[in-house]
Amino acid sequence: GPLKPEITITYIAVSAIFFNSGLSLKTEELTSALMHVKLHLFVQIFTLVFFPTAIWVFLQLLSITPINEWLLKGLQTVGCMPPPVSSAVILTKAVGGNEAAAIFNSAFGSFLGIVITPLLLLLFLGSSSSVPFTSIFSQLFMTVVVPLIIGQIVRRYIKDWLERKKPPFGAISSCVLLMIIYTTFCDTFANPNIDLDKFSLIIIVFIIFSVQMSFMFLTFLFSTRHNSTFTPADTVAIVFCSTHKSLTLGIPMLKIVFAGYEYLSLISVPLLIYHPAQILLGSLLVPTIKSWMVSRQK
């Protein structure tokens, strides 16, 4: 159509999101959190190793149920995603947790995700036959890594102006992301063979909320056990950063790795549900976690 999504979305929109991320990412704030190696290792291993593996094991049990197989594949893609750049940091800050650690793990996880997430997707799901391995990484490099680096370089020269004007980076990324999601769904529902039943969708929503709650509880237990060296503020950062998944990085990556898949939109559905679910659950738990942290600190 007139929007020309094969050019505007695949190249311009995805590049715009990561250029925007490069501009807004305060790398100078990360140095203070750099030395907290144990915390970073815990978050990254949980997010990029334990999470996708646990989901894969769980999906082996669900594969015998009548749930739509493409939605189940979508659940696996959620497990492979890196932590988000914003939501975990915002919630950690709202509680009063270790914000520097949350910023570091969100940023570092996003950089790791550029390399590790496509590998995990290919490992657990395989790629569409039309997209060879090398072209996936060359496109990721040109549309994700290069804009991110350029954004960081530009930020160095206009940092004072950015601090003074505070451009609405979040709103810009959200608008571009909305356009990407819109075209993804247009591609899917233009296909007459798509069959999405309500039962599968309801079950997937229930599973997503259950997974979120279970993993938040699990990370909380691990980081507060007796021989743990984490402070209550560290625990807050761990709980949010380990269990949250990036929609901003996820949707563009799925479009690259599964280019040409007629079921791309169904694969995207669980990630589109997971993102608002993590913000909703996190927001509801903020007062409870805050009162726990204050009492522990006293």
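User: Which residues in α10 meet α11?
Analyst: This is a predicted model. In it, L247, G250, I251, L254 and K255 sit on the α10 side of the contact. They meet L264, I267, S268, L271, L272 and H275 in α11.

User: What classes of residue are in that contact?
Analyst: Seven are nonpolar, three are polar and one is charged.

User: At what angle do α10 and α11 pack?
Analyst: The angle is about 175 degrees, and the axes are 10 Å apart. Angles over 145 degrees count as roughly antiparallel. The two helices are therefore roughly antiparallel to each other.

User: Why quote both an angle and a distance?
Analyst: Because two packed helices are described by the angle between their axes and the distance between the axes.

User: Staying with α10, how many of its residues are buried?
Analyst: 10 of its 11 residues are buried, and α10 is mostly covered. The buried ones include P252, M253 and I256. K255 is also buried, and K255 is one of the residues that meet α11.

User: New topic. Which residues touch the most other members of the largest nonpolar core?
Analyst: L121 and I204 do, in a core of 46 residues.

User: Which helix gives that core its largest share?
Analyst: Helix α11, residues 264-297, with seven residues.

User: What other core lies apart from it?
Analyst: There is another core, of 23 residues. F42, I238, V239 and F240 are among them.

User: Now N98. Where is it?
Analyst: N98 is in the loop between α4 (87-95) and α5 (99-124).

User: Buried or exposed?
Analyst: N98 is buried, because its relative accessibility is 18% and the cut-off for buried is under 20%.

User: What does the N98 side chain reach?
Analyst: It reaches the backbone nitrogen of A101, at 3.1 Å.

User: Which residues is N98 in contact with, leaving aside neighbours within four places in sequence?
Analyst: H36, T92, A233, D234 and A237.

User: Last one, K166. Which loop is that in?
Analyst: K166 lies in the loop between α6 (133-165) and α7 (169-189).

User: What is the phi of K166?
Analyst: Phi is near 45 degrees. That is a positive value in a residue other than glycine.

User: And is K166 buried or exposed?
Analyst: K166 is exposed, because its relative accessible area is 59% and exposed means over 50%.

Terms used: Residues are numbered from 1 along each chain as its sequence is written. This is a predicted model: local features need pLDDT of at least 70, side-chain atom pairs count only at pLDDT 80 or more; totals for chains, interfaces and linings use all residues. Side-chain values use heavy atoms; hydrogens and water are left out. A nonpolar core is a set of buried Ala, Val, Leu, Ile, Met, Phe, Trp, Tyr and Cys residues joined through side-chain atoms within 4.5 Å. Buried means under 20% relative accessible area, exposed over 50%, partly exposed in between (1.4 Å probe, protein chains only). Helices (H or I, at least four residues) and strands (E, at least two) are DSSP runs, numbered from the N terminus. Axes are lines fitted to C-alpha atoms, for helices over the stretch in contact, and angles run from 0 to 180 degrees between N-to-C directions. Angles under 35 degrees count as roughly parallel, over 145 as roughly antiparallel, 65 to 115 as roughly perpendicular and the rest as oblique. Contact means heavy atoms within 4.5 Å. Ala, Val, Leu, Ile, Met, Phe, Trp, Tyr, Cys and Pro count as nonpolar, Asp, Glu, Lys and Arg as charged, and the others, Gly among them, as polar. A polar contact is a pair of N or O atoms within 3.5 Å; within protein, one must be able to donate a hydrogen and the other to accept it, and residues adjacent in sequence count only if both atoms are side-chain atoms.
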